[in-house]
Amino acid sequence: MLVLEDDHDAGEEVKGFLLASGFMVIVSHLGADIKDFFAEEEIHAVVLGVKKADEWELSLCSKIKEMSGNPQLPIIVCASQWTRTGVFKALKNGAKDIIMKPYEQSELLGKLGKFHAAA
């Protein structure tokens, strides 16, 4: 699992509860060269944490899928604010689901479990 988060503390928090739930986790900042992660690791899902659900951040979904080589890669986008347009753009760009920040463990684990069970 790859967690891309623009807030270091939030990324570490998510890493902690995902590790405790049995997931293998890599955490990185949004500015990292994420192409390397897909070359070195088998990534089964991506949690993309952003402050705002704006055009640039949402376009990362399609770029992540392209870099992964897996058009079915589950991406969950997490942001503090969502608009209808933002939700539509996230899904249009390849997100499988969205959640609100701050992260709620049970919600994120439930969504990840749903994708894991479908794989």
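Ground rules, quickly. Numbering runs from 1 along each chain as its sequence is written, and side-chain values use heavy atoms, without hydrogens or water. Because the model is predicted, local features need pLDDT of at least 70 and side-chain atom pairs count only at pLDDT 80 or more, while totals for chains, interfaces and linings use all residues.

Start with salt bridges, meaning a side-chain nitrogen of Lys or Arg within 4 Å of a carboxyl oxygen of Asp or Glu. The structure has four. Glu5 pairs with Lys101, with the closest N and O atoms 2.6 Å apart. That pair links distant parts of the chain. Glu5 is in strand E1, and Lys101 is in the loop between strand E5 (97–100) and helix H5 (105–118), 96 residues apart. Strands are DSSP runs of E, at least two residues; helices are runs of H or I, at least four; both are numbered from the N terminus.

Lys101 also bridges to Asp6, at 3.5 Å between the closest N and O atoms. Asp6 sits in the loop between E1 and H1, so this pair ties together parts 95 residues apart in sequence.

Buried or exposed, Glu5? Buried, at 2% relative accessible area. The cut-offs: buried is under 20%, exposed over 50%, partly exposed in between, with a 1.4 Å probe and protein chains only. Lys101 and Asp6 are both buried too.

Next, Lys114 and Asp97 meet in a salt bridge at 3.3 Å, N to O. Lys114 is in helix H5 and Asp97 in strand E5, so parts 17 residues apart in sequence are tied together. Lys114 is partly exposed at 46%; Asp97 is buried at 13%.
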